[in-house]
Each structure stands twice: as C-alpha cells, then as structure tokens.
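Here is a short report on one structure.

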Amino acid sequence: MGTRFRLFVQPPFEDARARPEIVEVSSPSGSLTAGPADDRMFVVEPVGKVGPYGVNRGPLGTPFMYLPPWTGRIIEPATPDARGNFDYLRPSMPGFEAAHVFGCVRFTLDVWERYLGQPITWHFRDHYDRLEISILPQWDNAQYGYGFLEVGSQFEKDGSILPFSLDFDVVAHEVGHAIIFSVLGVPDPRAEYPEYLGFQEAFSDCVSLIAAMHFPSVIDNVLEETHGNLYRANRLSRFSEFSPHRQIRSANNKRTMDEFAHGWKDEHELSQPLTGAIFDILVDIFHERLVARGLISRAVEDLADVAEFDTSVEASVQDAFDRAFDRNADGFVAALLEARDIAGAYLAETLWALAPDFLDYGDVAETMLAIDRDESGGQFARIMIRNFRQRAIGELHAGRHLKGGEHRSHIHSGRILLPIDYLEFPKMSYREHVLLSRSGIGQ
C-alpha cells in the first residue's frame, strides 16, 4: 500500500474549475515524515533565502558557488495524517504546496524508474544522501542541480504570482534533468556539444509528457478532445500551460535543424526539433497500434501522415477518426497506452546506451533505431527514420552559441555545477565573507 497525495494534472491558474486528483505513489504507507521527507528526498520552504543555488555574487560582486544544504529557518513542514497520507491537504491549506511538489517528484520517478528498470541513484550521491526540494516563491525559474531541485514562480503582468510548485509539467521536467544526470552523467566541459544541452531539454520534456500520460484523466481528456487525431491542439502536446491559449513549449511543432545550423541562442529552442520528432514518433506508433487492432485502416493512417503537411485533408482525417473512435473508444485508449509505453521504454533504453561526451542528436536517433531493432526487429524503423529526416536530425548540427538567450539558458547555471568547481572561482575577501554571511544568501 502506497501514500496518497492530491495533484493537479494541469496547474489551476486561470481555471476556477481545476481540482487536484488523488493519486497513490509508491512510498510505502507510513514511510514519509514531515516535509514531506523520506530517505531519498525532502521538501523545505526556506525563510530568508534570497537567491537560488548555483552561481551567485557576493555583496562586492565576487562570484561564488552556492550549493545545499539550507541551514536557516524554514516554514512549518507538511505533516502526514494518522495513516501516513497527505491527501487531506487542500490547495488553500498550509503545507499543500510542499506536499504537491513532493508528490509530483515521486509520481514522476515512479513512472520512469519502471521504464529504467531500477531506482535512479542521484548523481550527487558522493556528497548528499538526499535531494533537497526547495520552494522559493519570489524566484522566477525552476532548476535541478547538484543536490537540489528548486521551484519558483511565474510572475504575471497583472501582478499575480503562479507557483511552479503547483505545475506538474514544470516539476516533472526538472525530474527529467535529474534522471539524465543520474543515468547519463555529466559531460566533460571540453566535450559538451550544444546538442547535449538541447537533449537535456527535449528528454526532460518527454519525461513530463510520458508521466502526464499516466493520469487516466489525461488520456480520457486527450481522446475526448481529439478522437485519436493527436495532431489537433490538445493538452498532451502542451507544456507548462498557464491558460488555454499560452504555453512555454510545445511538443507538436514543425521546427527543424535548418533553423539552428548557423547558430543558436537558447537550448530550449534548440531542443524543439528533437522533441517534435519524438512526439511525432509517439503519434505514429499510436497510429500503427490502431491499425494493428483493426480500429483504423492503413489508408486512414497514410492520410493522417499527409495531413501533417496538407491542411486540405485535415477534415477528412478528423471525420475518419471520429467514426472510428465512436465505434470503439476503449480500443483507442488501449492503443494509446501501448504507444506511451513503447515510447517510454525506448527513451529509457536510449538513455542507458548514450554517453554525455560529444553527444549530438544523431547519436540519439541512431541509438533509438538500434533499440527498435533489438526490441521489435525494426518494426518502427520506417517511421523513426522518416521523422528524424524531416527534422534534419543527424544531417545538420547546431552551430555556434549566439548572444541573446542568456536570460533563459542553463549554460552557466547551478544545474551543471560540481563541488570541485569551487576551485575555479576567485577568492572572496574577508570583508565580503562577513557581508555575505549577514545577507542570508549563503546561509
């Protein structure tokens, strides 16, 4: 028996109808303590912490490395009920955000540790036993790094503050980075290709997407909206949605490596061709499973491929999917779950087979094709090759890093810091050390 939490599948921002769903994660009943906390991770809400972990600057401008643990005061932690659960907490209650972010992390790990075949071992295990999950409401970002996962808030022009702790996609995306670092490792700085950074973002988006597909309500709503024609705009292909009309990233995109061959500014943008290719592969596998189950004809599947580029046939495709879905909605659910698990398993196996040094998108494509040969005898090779080629993945590569995307980039963030990196930082004067200790930044 596990532990129950209430989780928002989509953030409740700007939607008064949103309600958190009760989920049960793998943490054994009664195993979690106040925080929530267990032997692998814990949540803290620091009091007086004015900056995130990573590279900060002292009062006199000297850069320094700031890593866990937080040793200052914290807000009263969330506590379990008498049965060890946290689902008694409602959104308006103290402790709900802490419980929510812990539940999101644990839920995502449950999903991906099944695909990976074992629990992940934190990449920071040499220095920390547990992951510190911090809530910093006045910070405008989220990040995973050496020993920590921090979530801040989205600040709107109207003054409203939207906490990332309530956004499953944002939290799951950061867990994706934790999985990459823990399985793949950290590249040598001299061997870090631009596409490694893009891979970090693309894979983490896929971690979020696949994890969200483990909520039955997501599968039901996606199919209700699309009747299986997943290229229609729907909640599955959107990330970090704060309103029905605005999003940070979209998996359902048409971007190719042509756009980045002469240079790139932001690894989130650079990730889009790979994310889009993987999303298209997922959709095509879904279509193949529908054909295999006799739910749509091969002709309809071929027409759906044409509709990606020819809008004149979209209505015909949708009509065919509408009629097929009405005949056997349960079969569509089963086919989508099959496609989800095939894509998740292939991505996990790909991660185990890659190495971080000199990694580019061509390596990812070749590895996924090799996994498909081993797992299915190359059953999905045709659709993989087509989708990778449409994005010029493996054919064109990212050019040099251009100025202009620094405000969103993680290139010099806390995500890639290791404790030994302190040797690269200038020494701080005694006076600045004193001023820093009084500021609360390096508590």
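Contact means heavy atoms within 4.5 Å. Helices (H or I, at least four residues) and strands (E, at least two) are DSSP runs, numbered from the N terminus. The model is predicted, so to speak of local features takes pLDDT of at least 70, side-chain atom pairs count only at pLDDT 80 or more, and totals for chains, interfaces and linings use all residues. Residues are numbered from 1 along each chain as its sequence is written, and side-chain values use heavy atoms, with hydrogens and water left out.

**Helix α10**

Helix α10 has 16 residues. From first C-alpha to last, α10 reaches 22 Å, close to the 22 Å expected at 1.5 Å a residue. The expected span is 1.5 Å times one less than the number of residues.

Buried means under 20% relative accessible area, exposed over 50%, and partly exposed in between (1.4 Å probe, protein chains only). The buried residues of α10 include Tyr361, Ala365, Met368, Leu369 and Ile371. The buried residues of α10 pack against α3, α5 (267-270), α6 (272-292), α9 (329-353) and α11 (381-390).

Both ends of α10 have a feature to look at. Aspartate 360 caps the N-terminal end, with a side-chain oxygen 3.0 Å from the backbone nitrogen of glycine 362. Just after α10, glycine 377 takes a positive phi of about 75 degrees.

**α3 against α10**

Helix α3 (residues 194-212) packs on α10 (residues 361-376) at about 55 degrees, with the axes 8 Å apart. That makes α3 oblique to α10. Axes are lines fitted to C-alpha atoms, for helices over the stretch in contact, and angles run from 0 to 180 degrees between N-to-C directions. Under 35 degrees counts as roughly parallel, over 145 as roughly antiparallel, 65 to 115 as roughly perpendicular, and the rest as oblique.

Glu195, Gly198 and Phe199 in α3 meet Tyr361, Gly362 and Val364 in α10.

| Residue | Place | Relative accessibility |

Which residues does arginine 40 contact, leaving aside neighbours within four places in sequence? Among them are Arg106, Glu113, Trp122 and Asp129.

The side chain of arginine 57 reaches the backbone oxygen of glycine 61 at 2.7 Å. The C-alpha atoms of arginine 57 and isoleucine 296 are separated by 59 Å, and the two residues lie 239 residues apart along the chain.

Methods: A polar contact is a pair of N or O atoms within 3.5 Å; within protein, one must be able to donate a hydrogen and the other to accept it, and residues adjacent in sequence count only if both atoms are side-chain atoms.
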